[in-house]
Amino acid sequence: MYTVVLFLRTAVAACSGLLVWVLVQGGFGSAETALGSILPAWISGLAGGVVASLFSPRQGISIAFTTGVIMAALFLAFRHVYLGLPLGSNTFVTLWPMWFPVAYYLGAFGYLTVLQRFYQK
């Protein structure tokens, strides 16, 4: 039962991050620039990290990082294996999903730091 709960927490954090990514990506329009491709990943990762920490502050960071790794792997597999897109000349723009684990981790860590400082007073 515990494994099912962890899987569901990870799925909810991934879906919330994906929803935020779709909304922010739609706002930027073109993903051909560094800002247009990396900023949506950061914003969605931060939001997904907060959602991962909402369920369980004790496991929030590990759930968030795991979700970020899963999101990065799925995005890269979809783009470069399923669609067959080449890396291109600008690798920084092409490998933008690699920012998901870092952004999810920092979102969870930042949320937990704010909670800790809020409850210290």
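Colleague: Which residues of α1 are buried, and what covers them?

Modeller: This is a predicted model, and a residue is called buried when its relative accessible area is under 20%. In α1 that group consists of Arg9, Thr10, Ala13, Ala14, Ser16, Gly17, Trp21, Val24 and Gln25. What covers these buried residues of α1 includes α2 (34–55), α3 (60–82) and α5 (100–120).

Colleague: How many Å apart are the end C-alpha atoms of helix α1?

Modeller: Helix α1 runs over residues 2–28, and because each residue counts for 1.5 Å, its 27 residues should span 39 Å. The model agrees with that expectation, since the end C-alpha atoms of helix α1 are apart by 39 Å.

Colleague: Is glutamine 59 buried or exposed, and which residues is it in contact with, leaving aside its neighbours within four places in sequence?

Modeller: Glutamine 59 lies in the loop between α2 and α3. Its relative accessible area is 17%, and because the cut-off is under 20%, glutamine 59 counts as buried. Once its neighbours within four places in sequence are left aside, the contacts of glutamine 59 are Tyr2, Leu6 and Arg9.

Colleague: Which element gives the most to the nonpolar patch?

Modeller: The nonpolar patch on the surface is formed by Leu46, Phe65, Val69, Val102, Tyr105, Leu106 and Phe109, which together have about 560 Å² of accessible area. Two or more of these residues come from each of α3 and α5. Phenylalanine 65, in helix α3, is partly exposed, with a relative accessible area of 41%. With four residues, the element that gives the most to the nonpolar patch is α5.

Terms used. Residues are numbered from 1 along each chain as its sequence is written. This is a predicted model: local features need pLDDT of at least 70, side-chain atom pairs count only at pLDDT 80 or more; totals for chains, interfaces and linings use all residues. Side-chain values use heavy atoms; hydrogens and water are left out. The expected span of a helix is 1.5 Å times one less than its number of residues. Buried means under 20% relative accessible area, exposed over 50%, partly exposed in between (1.4 Å probe, protein chains only). Contact means heavy atoms within 4.5 Å. Patches are made of residues with over 30% relative accessible area and no salt bridge: like charges are joined within 9 Å, nonpolar side chains (Val, Leu, Ile, Met, Phe, Trp, Tyr) within 5 Å. Accessible areas come from the Shrake-Rupley method with a 1.4 Å probe; for residues, only the protein chains shown count as cover. A salt bridge is a side-chain nitrogen of Lys or Arg within 4 Å of a carboxyl oxygen of Asp or Glu.
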